[in-house]
Amino acid sequence: MPLEEYRRKRDPRRTPEPVPDSDPSPTESGDDRFVIQEHHARRLHWDVRLERDGVLASWAVPKGLPAEPGTVRLAVRTEDHPLEYLEFSGEIPAGEYGGGTMTIWDRGRYDVEKWTDHEVAVVLHGERADGRYVFIRTDGDRRDGWLVRRSDPAPHHTPLPHDAAPMLPTAGRLPTGDDWWTQVGFGGERVTVRVEGGRARVTDVDGVDLTAELPQLRELGPSLGATQVLLDGELAGDPPRAAKLWIGDILHLDGRDCSALPFRERRGLLEELPLSGPHWRLAPVYPGGGREVLAAAAEQGLPAVIAKRGDSPYTPGRTKDWIEVPTRAEPARREPRTQRAERATGGVGRAKLTNPDKVLYPLTGTTKADVLEHFRTVADVMLPHLRDRPVTMVRWPDGVEKSSFFEKDVSRHAPDWIRTARVGTPGGRSETADFPLIDDVEGLAWAANLAALELHVPQWTVGPRGGRHAPDLVVFDLDPGEGATIVDCCRVAERIAELVAEDDLEACPRTSGGKGMQLYLPVQVSRAEQTSEFARDVAERLEAEWPQKVTAVMAKARRRGKVFVDWSQNNPAKTTIASYSLRGRARPTVATPVTWDEVRGCRRSDDLVFTISDIPDRLAEHGDLLAPLFTDPSSRTRLPRRA
């Protein structure tokens, strides 16, 4: 009977698989459909099923169908399956026959060229499996006595290399420029990882097979399924069985040689693969921000960072497209994570913290609990900067190495105790949005639980009934172009302070927590446009005075080696990072108020970089250096009109 063995092995009360009560009648037409299912059972394999005489003739192929001619793989003839299995995917319960996860890997139509008891030759027409395959019986009646090979060339398919010589960095100074990507180095052993047919093979730079020494990587291959890939990685940890694999580059992917692609594109391919497991993950890499990454690596006691040119191909041997920069750091002493988590596990008042141990900054191990602790620490000085200002949140739910998103409208999920203001959003998805107004520590805790690391606010406030007030602040956003740094911003800031003092205005400096800084001025205006007009006038005056160092034009081509004085941030539709907010960068930097002595004394980029751990001592010494922004509105200087 065609399906007798299939039914004997399955209990319809215990498995979601289709179990028909009776055998089918042979079909008179059709007989040309196929399905290939990826089956994560006791061992990963692929089930190839061909429609034939009303059932699905089935083979289990442990390493999947070969991708190129000349490769021969084992195939095991299994019991026929019902036609309903063409559409089946799901979880077969543990303990049942074939227990595990089954997904449809490919399906389509096929042509028969030959079908006998000892040879089956078919041409598959699927999205992934497209070509001529031959199943050959080699050993009498044994089910596992079958082999399968591809017998026609695979178009546009390059065989997966068995090994590759590594690309090696040249020691040197940290390069500057927007096209350099900075990757963390862990001081481990360089390895090549070849994954094919759901099996991973790890070799060192001399080609020695390390796979047997690394049982912790056994599930890496199955996690990638049928993906064929050659990876460049680093094993860090001692002994080998405790080592973690940090994956830094990709050389070959599913029949495509990737080595000629620029690094930025290869990194994009890596990030599309499921390469996050208990003992393996992508090595952290950041476009730009090299000094920041170097400092963070030094804090963690890591030996070096690798600066990689974004447009560089993967070239075996030593190259100046990769620069290894030592940190010369001692391992940092950090409070145990469990102790840090205990401080904030319970949240604040009505705001509860979920997943407090979730790491949001992998480079420093900073968790969601640490973020909440920071917001609690700065609440007294931060809340005046947020009060009555609609907040735009930037959220990193999976940490700063993953994608982020801006959120303005919180009407669908904000608790009823979060005050909101309906504000117009010209050019947005809708005409208005319900922005959160964060005016107490519970609101900050709510933001921390959402992984809203960055809080951005406008230069104006709303009234008790939601009406928009005129701007009460002018901001000069100083953004260094390629070849310039915050040191250059400080020199420009000093000159801006002198210019605005001519109108009896006092500028208050603050780092952005990124590459640049801001200056804030408390003002009175009669028209909302006055702040932009005033800031633009100052920026253009400074550009005319100092054209080799300053630009008032946004175009990136005009910024090289200069500081862009962004006066447009005073546009009522724009926002700037709130004081004491974190930034979603490699390490938890903070937008921090600074003294004018610190500005004048700045000679290195690191002089004005402050992280989450620096803030408590600064608050104890200085309090809020931006407190002058909260003077009585009636006593503020009226902004002069500009022609």
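On the α8 side, the contact (heavy atoms within 4.5 Å) is made by Val492, Arg495, Ile496, Leu499 and Val500, and on the α9 side by Phe534, Val538, Arg541, Leu542 and Glu545. Sorted by class, this contact of α8 with α9 has 7 nonpolar, no polar and 3 charged residues, where Ala, Val, Leu, Ile, Met, Phe, Trp, Tyr, Cys and Pro count as nonpolar, Asp, Glu, Lys and Arg as charged, and the others, Gly among them, as polar.

A second pair of helices can be followed in the same way. The axes of α6 (368–386) and helix α7 (residues 441–449) come within 9 Å and cross at roughly 140 degrees, and α6 and α7 are therefore oblique to each other, with a right-handed crossing. From α6, the residues that meet α7 include Phe375, Ala379 and Leu386, while Leu444 and Ala448 are among those from α7. The residues of this contact of α6 with α7 divide into 11 nonpolar, 1 polar and 2 charged.

Two of the residues already named, Ile496 and Leu386, are among those with the most contacts inside the largest nonpolar core, which has 78 residues. A nonpolar core is a set of buried Ala, Val, Leu, Ile, Met, Phe, Trp, Tyr and Cys residues joined through side-chain atoms within 4.5 Å, and buried means under 20% relative accessible area, exposed over 50%, partly exposed in between (1.4 Å probe, protein chains only). Leu231 belongs to strand β14 (residues 229–236) and is buried, with a relative accessible area of 0%.

Most residues other than glycine have a negative phi. Asp53, which is not a glycine, has a positive phi of about 55 degrees, and Asp388, also not a glycine, has a positive phi of about 65 degrees. Asp53 sits in the loop between β2 (44–52) and β3 (55–61) and counts as partly exposed at 46% relative accessibility. Asp388 is found in the loop between α6 and β23 (392–395), and it too counts as partly exposed, at 26%.

Taken as a whole, the chain has 11 helices and 33 strands, where helices (H or I, at least four residues) and strands (E, at least two) are DSSP runs, numbered from the N terminus. Buried residues make up 51% of its 643 residues.

Residues are numbered from 1 along each chain as its sequence is written, and side-chain values use heavy atoms, with hydrogens and water left out. Because the model is predicted, local features need pLDDT of at least 70 and side-chain atom pairs count only at pLDDT 80 or more, whereas totals for chains, interfaces and linings use all residues.

Note on methods: Axes are lines fitted to C-alpha atoms, for helices over the stretch in contact, and angles run from 0 to 180 degrees between N-to-C directions. Angles under 35 degrees count as roughly parallel, over 145 as roughly antiparallel, 65 to 115 as roughly perpendicular and the rest as oblique. A crossing is left-handed if the near helix is turned anticlockwise from the far one by less than a right angle, and right-handed if clockwise.
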